[in-house]
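Here is a short briefing on one model. Have the coordinates open as you read.

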Amino acid sequence: MSAPVMLGIPEIPPPSPRGVGNLRGEEKFPSAARRALADTQLRRNLGKATTTIRTKRAQVVAELPDWEELREAGRQLKVHTMAHLPDYLEQIESAVAARGGVVHWARDANEANAIVIELVRARGVDEVVKVKSMATQEIGLNEALEAVGVAALETDLAELIVQLGHDKPSHILVPAIHRNRAEIREIFLREMADADPALSDEPAALAGAARQHLRRKFLSAKVAISGANFGIAETGTLGVVESEGNGRMCLTLPETLITVMGIEKLVPRWQDLEVFLQLLPRSSTGERMNPYTSMWTGVTPGDGPQEFHLILLDNGRTAVLADSDGRDALNCIRCSACLNVCPVYERTGGHAYGSVYPGPIGAILSPQLTGIEDNASLPYASSLCGACYDVCPVKINIPEILVHLRAKHTETYAAEHRVPSAEASAMRAAAWVMSNPKRWTLALRSGRLGRALGRKRDVIGDVPMPLAKQWTDARDFARPPQQTFRDWWAAEHGGQR
Amino acid sequence: MNAREEVLARIAAAHRAAPPPDLPYERISREYRTTSDSSAEALTELLIDRLVDYRALVRQCSADDLAETIADALADRGAHTVVVPSGLDSSWTSGMSGSILTDGLLAHHRRTVSELDGVDGVITGCAVAIAATGTLILDGSPGQGRRVLTLIPDYHLCVVFPDQIVADVPQALARLEPTQPLTMISGPSATSDIELNRVEGVHGPRTLEVIIVGEE
């Protein structure tokens, strides 16, 4: 990139690079979803977990008479922050530095991983402890560390289940939501050398096994890596919201702490946390407050890590910011309420989305971070029912952005291919028919031919024809009536309009 | 161009391509509640309700009975060796019979991790308590100690005074200095990672006991 300001031509920032990280799946959503739907155990696990959390969330949200006012404040705070991002980034940078921290900037996943690797190598360790973090999942940090011989130990219970099960996370908050207690017990017995063979599948016993397994690691760890839920520009304060205490262990015990934070996680001032600390716990775990929240500013002599590094990560976020109809996806505070209410997520689970960001928010965030064509099927992974918008604590209009991204995909596809897509051709033909009353009346009458198809059940199921097959694969179609509305109107009203 | 310059240039380019709405900080809507007209008694009652709901143990006592109440709590727990942060009012522990380790910020006062792992519990005060959420906030001041102190021992006994109890999150944050290391604690360590059911007891203290000092 040369001369970014001089020409005045708004060049569009690049998406996250290919070949690194976990934003792109190996297959399209429909085929991945079909496989997930066939897994009855998975569907039972997901159905149970999402039902539990939906009820809990609804109860604690109902306790607050000013929930809607908090949502609106949260939304406006985010909109304001995104509009003043350079100022706030420079503010947090100098505030952290003033308190003894070191700030690094990373254009993308490769650069962020390289910075972490260099820092870890300089400490001469071959093992680091990690606090659950979406940003480090997104950039594939564990894989990058492994490639240079450093073991990254996940310490969040669900992340540990995923890591020990050689599995992938399927939920933002509870990455092992697709596993039930019996499966978790089996993984622990198989993978934890120190697990008691008599371990029961009671959640309390499983949590106890994780405590025992990680305790020695925590007490001897030299380097920890975390993400951040919030970074306060005014003070340089970072916050991590958690439940188990593994976060506190990582943020307090090691000598060195490295925090990777997306540039969109900024909050202007300390006071603003009063909004997000009410919105986030109630939306995510359905608790009035999560058990532990840690906040630290740079280095505190005698208390906690004496060396602190903050890595500010772009990795496609500025590309999202450049789309006025899609940029609100950056306002997400990663609560995962939209996953838990989504009828599509509830049935397919998170793996079908291919990205570390699944569910409705993933369907609008992942394609924007990677460029739409690398995740083109995700904006269609929705029935547009709007439940996600209703629960979003910062009021991201997810259905609207989904529709916008569908249009963007259609346009990008058309621009890149000389032959239009089947859908685009059908739409063009429909436009030709519908723009003329005579053609339209004839077309409607021809619909009666469809009656031949649905004689048995009075609905039309699979139609084994190109295009029609794609539609009817997943949907029944109403059998057309004997008479069109227009013909009925003409008969009843004698041609009067 | 280095990474810093490039990220800032990309943001500038994004803002040129899609000019953001003009919403000054002062105009951000803040219609939510930031005050409460609940009485001190009502707030104490709410705090107790919320603490108990998240499986913390709660005792109430008068200021005169504090030492005795702490001794009772430790005896019931079977805690013989406890660690306390420097600056903790020594009268609080005057009734207990076991041994007390004191931990301070200065290097030669700091207890090692294995020492902390060997004690039966920790006693601290707090900076603020939030009634609506059942949250205790420690800010590292004298009597609250380093963060590690309330993390390694399996039992945390925290003393709360009535003037430390506020209604909700906004009132609590207004009382805190953000650059101090802060820990917000709402119940004992827990997880919702197995089938999204809350289970107490993972890496932090598995038992949290709160003594609320009242006027009675």
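Leaving aside its neighbours within four places in sequence, which residues is A:Asn315 in contact with? They are A:Ser16, A:Pro17, A:Leu23, A:Arg107, A:Asp108, A:Ala109, A:Glu138, A:Ile139 and A:Leu369. This is a predicted model. The points below take that residue in chain A, then chain B as a whole.

**A:Asn315**
- A:Asn315 sits in a loop of chain A, between strand 10 (307-313) and helix 13 (317-321).
- Its relative accessibility is 2%. Buried means under 20%, so A:Asn315 counts as buried.
- The side chains of A:Asn315 and A:Glu138 are joined by a polar contact of 2.8 Å.
- A:Glu138 is also one of the contacts listed above for A:Asn315.

**Chain B: fold and shape**
- Five helices and 12 strands make up the secondary structure of chain B.
- Chain B is more spread out than a compact globule, because its radius of gyration of 21 Å is well over the 17 Å that the globule rule gives for 216 residues.
- The C-alpha trace of chain B spans about 70 × 45 × 40 Å along its principal axes.

**Chain B: packing**
- Of the 216 residues in chain B, 58% are buried.
- Among chain B contacts with a separation of 6 or more, 71% come from residues 24 or more positions apart.

**Chain B: surface and charge**
- Chain B has an accessible surface of about 8500 Å². Carbon and sulfur atoms account for 47% of that surface.
- Chain B carries 17 positive and 31 negative side chains. The centres of these two sets lie 11 Å apart.

Terms used. Residues numbered from 1 in each chain as written. Chains lettered and ligands numbered in written order. Predicted model: local features only at pLDDT ≥ 70, side-chain atom pairs only at ≥ 80, totals over all residues. Heavy atoms only, no water. Helix = DSSP H or I, 4+ residues; strand = E, 2+ residues; numbered from the N terminus. Rg over C-alpha atoms; globule rule 2.2 N^0.38 Å. Buried < 20%, exposed > 50% of the residue type's maximum accessible area, 1.4 Å probe, protein only. Contact = heavy atoms within 4.5 Å. Areas by Shrake-Rupley, 256 points an atom, 1.4 Å probe, with all protein chains shown as cover. Lys, Arg positive; Asp, Glu negative; His and termini not counted. Charge placed at Lys NZ, Arg CZ, Asp CG, Glu CD. Polar contact = N/O pair within 3.5 Å; in protein donor to acceptor, adjacent residues only side chain to side chain.
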